Amino acid sequence: KTNTALDEIGAVICVTFTPEHIMPADAPSAQSRLGLPNNCMAFDINMACSGYGYGLYIGSLLTKQLNKKVLVLDGDVQSAYVSKLDKATMPVMGDAGTATLLTPSDSEEVWKFAFYSDGSQRNVLYIPAGGAKKKTTAEDVVDIAYDDGSKRKNIDIYMEGYGIFKFVAITASKFIKSFMAENNLSDENIDIFVPHQANSRIIEYAQKKLGIPVEKFCIEIEKFGNTSSASIPIVLDRMNRDGR
């Protein structure tokens with residue numbers, strides 16, 4: 001769609017927490033499959049829900065530094081790690097892949113980024129087994145029954161819904177409000193607010209907490225589910241197709 005020649009691309013970044021293999025990274029494979037030059041940078045960012053912001057930030061820095069276009073590939077195959085018998089994850093998790101092309105610009109407009117990290121909460125949403133800390137054993141590939149009637153393996157995604165809701169309702173909302181205040185943003189001068197499509201209740205709660213009119217809040221989760229970090233570029237693409 002952009003009529004981009006292959007030699008115009010200086011880097012390809014793959015944002016995913018579900019790579020084809022633990023090693024090598026997915027980005028060099030994408031570089032080869034797409035026929036991009038061998039002097040093209042290619043690396044992965046191992047992130048889940050928040051990954052698109054990181055991809056845009058690092059990609060924009062490289063676009064400026066290399067003075068070449070940068071391709072940000074963002075997507076996950078969550079179905080490979082979701083138990084069909086888990087009531088917390090099966091109804092909402094989806095698979096998706098997206099591509100974003102960043103282009104050098106002489107514009108004076110500056111993108112503003114802000115990040116918030118709290119690794120102490122990592123066990124609220126994670127895969128217990130399969131990494132270097134806990135290599136997969138025979139027990140890890142057997143379904144375990146839980147009190148709510150769900151079943152999942154230790155190699156499946158574990159999600160504590162209340163812990164995530166509490167984080168969005170309190171910590172994340174406060175952080176976003178602070179970011180808006182620092183950049184003189186209000187419900188009046190924001191045209192569109194595109195949140196990560198976690199689940200409809202969380203998005204609706206965040207909308208009320210931030211005081212941004214519901215018509216400016218983009219909610220597309222009923223069409224695609226929670227597609228991890230790919231959810232934001234999916235919404236942006238649909239908005240673009242709809243002329244918004």
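## Overall fold

Among the contacts in the chain with a separation of 6 or more, 71% are between residues 24 or more positions apart; contact here means heavy atoms within 4.5 Å. This is a predicted model, in which local features need pLDDT of at least 70 and side-chain atom pairs count only at pLDDT 80 or more, while totals for chains, interfaces and linings use all residues. Residues are numbered from 1 along each chain as its sequence is written, and side-chain values use heavy atoms, with hydrogens and water left out.

The chain holds six helices and eight strands, where helices (H or I, at least four residues) and strands (E, at least two) are DSSP runs numbered from the N terminus. Their order from the N terminus is β-α-β-α-β-β-β-β-β-β-α-α-α-α.

## Dimensions and surface

The C-alpha trace spans about 55 × 45 × 35 Å along its principal axes.

The chain has an accessible surface of about 14700 Å², with 54% of it belonging to carbon and sulfur atoms; the areas come from the Shrake-Rupley method with a 1.4 Å probe, and for residues only the protein chains shown count as cover. Of the 244 residues, 36% are buried. Buried means under 20% relative accessible area, exposed over 50%, and partly exposed in between (1.4 Å probe, protein chains only).

## Nonpolar cores

A nonpolar core is a set of buried Ala, Val, Leu, Ile, Met, Phe, Trp, Tyr and Cys residues joined through side-chain atoms within 4.5 Å. The largest one comprises 11 residues, among them Phe17, Met93, Ile164, Val168 and Ile202. Helix 3 (161–182) and helix 4 (200–210) are the elements that give two or more residues to this core.

Not counting residues up to four places away in sequence, Ile202 touches Ile164, Phe165 and Val168. A second, separate core has 10 residues, including Ile13, Ile45, Tyr52 and Leu102.

## Backbone features in loops

Most residues other than glycine have a negative phi, and most peptide bonds are trans. Met23 and Pro24 are joined by a cis peptide bond, with omega about 0°. Pro24 lies in the loop between strand 1 (9–15) and helix 1 (26–34).

Asn184, in the loop between helix 3 and helix 4, is not a glycine but has a positive phi of about 55°. Asn184 counts as exposed because its relative accessibility is 63%. Ser228, also not a glycine, has a positive phi of about 55° and is found in the loop between helix 5 (221–224) and helix 6 (231–241). Ser228 counts as buried because its relative accessibility is 1%.
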